[in-house]
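Here is a quick tour for anyone opening this structure for the first time.

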Amino acid sequence: MRVGQRVGETNPGRKRRRNEDSYVCDPPLFAVADGMGGAQAGEVASSLAAAALKERGEGDGRGEERVAELIQEANRRVHQRAVDDESASGMGTTMTVALFHPDGSISIGHVGDSRAYMHRDGRLEQLTEDHSLVAELVRRGELSPEEAEVHPQRSVITRALGTDPDVDVDTFTVQAVEGDLFLLCSDGLTTMVDADTMTAVFDRNRHDLHAAARALIREANERGGDDNITAVVFEVLEGDPDDETVEAVVTQPEEEDTLHPEPAAELGDGDTSIVSVQEIRNALAAQGAVDAVGAAETGDDDEPHASVAQRLLAALLIVALAALIVLLVVKGLAR
């Protein structure tokens, strides 16, 4: 078995100035990381985690063990940076990883609420379970999946890289067959686009994964683009791993995808924040404690950009001041 087409694409969405998502599209390894934290800490956290995977050595483990090993190394780097750099304190990132093996098996490791999906025979199956407050409530039967999709605390996660020296990693293996597509994505896609729409996108673009990834991001932006959006897609084919494959890796979004029709929103209930498992247990034990979970941290501290008119006026003032100085100097010399 071999990896055929693969594509990774990321987009800031329509309401964020910065993109705090990172991804890896480097066969046989694929990953998505969605950072969180004040200022630029989220961007730093996801970048550090992705770099740990890109710089991977041989390692001792295989399969699920290897995936867990890679995620633990990513966690160590993010946590150490948060300890060493006061401005990065409290930062973290989700991470979902897929490691392809020549026998067609795929080892998956997962922390947070980014997701892995498999598209097979016209059906899209979610492979990972979110480590989030609402997902826990759904598993306990206290929320329906439909209620979870619109819950005000849907972005509160219970597990992330970087918050502790070690992290619990969910690992499992799936066996791929020829023609399977795998999608790794951040919640900026899944909170905007439902599974039926994603399935339809893959059905329409089955033979062009570049077009599929762009269509997924476009769908998310057309529905509001509330968060950064990242999609990594790859297909599994029969054949020798050394066979020629088609690769499409896009890192720069089209202009239409980067438009910001609204001012950058104040970050609030939709932002990702982290709570501990014990905090979740305490909240659930108290019943109704969901309301006690605080609003998520704010994260967009960029200053507004000056308008074109303001910059032009400033330039004219500088030119006028320079001309006045020259005039005074000339008069002084004439005396």
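A residue counts as buried when its relative accessible area is under 20%. Keep in mind that this is a predicted model.

Let's start with helix α2, which runs over residues 64-84. Which residues of α2 are buried? They are R66, V67, L70, I71, A74, N75, V78, H79 and A82. An α-helix has 3.6 residues a turn, so residues three or four places apart point the same way. As for what covers the buried residues of α2, the cover includes β3 (29-36), α1 (41-54), β4 (92-93), β5 (95-100) and β6 (105-111).

Now for two single residues, side by side:

| Residue | Location | Relative accessible area |
|---|---|---|
| H131 | loop between β8 (123-126) and α3 (133-139) | 4% |
| L189 | helix α5 (residues 187-190) | 0% |

H131 is buried, because its relative accessible area of 4% falls under the 20% cut-off. Its side chain makes a polar contact of 2.6 Å with the side chain of D170. Not counting residues up to four places away in sequence, H131 touches H110, V111, G112, I157, T158, R159 and D170.

L189 is buried too, at 0% relative accessibility. Leaving aside neighbours within four places in sequence, L189 is in contact with L183, M198, L216, A220 and I229. As for R223, 34 residues away along the chain, its C-alpha atom is separated from that of L189 by 10.0 Å.

Methods
Residues numbered from 1 in each chain as written. Predicted model: local features only at pLDDT ≥ 70, side-chain atom pairs only at ≥ 80, totals over all residues. Heavy atoms only, no water. Helix = DSSP H or I, 4+ residues; strand = E, 2+ residues; numbered from the N terminus. Buried < 20%, exposed > 50% of the residue type's maximum accessible area, 1.4 Å probe, protein only. Polar contact = N/O pair within 3.5 Å; in protein donor to acceptor, adjacent residues only side chain to side chain. Contact = heavy atoms within 4.5 Å. Expected span 1.5 Å × (residues − 1).
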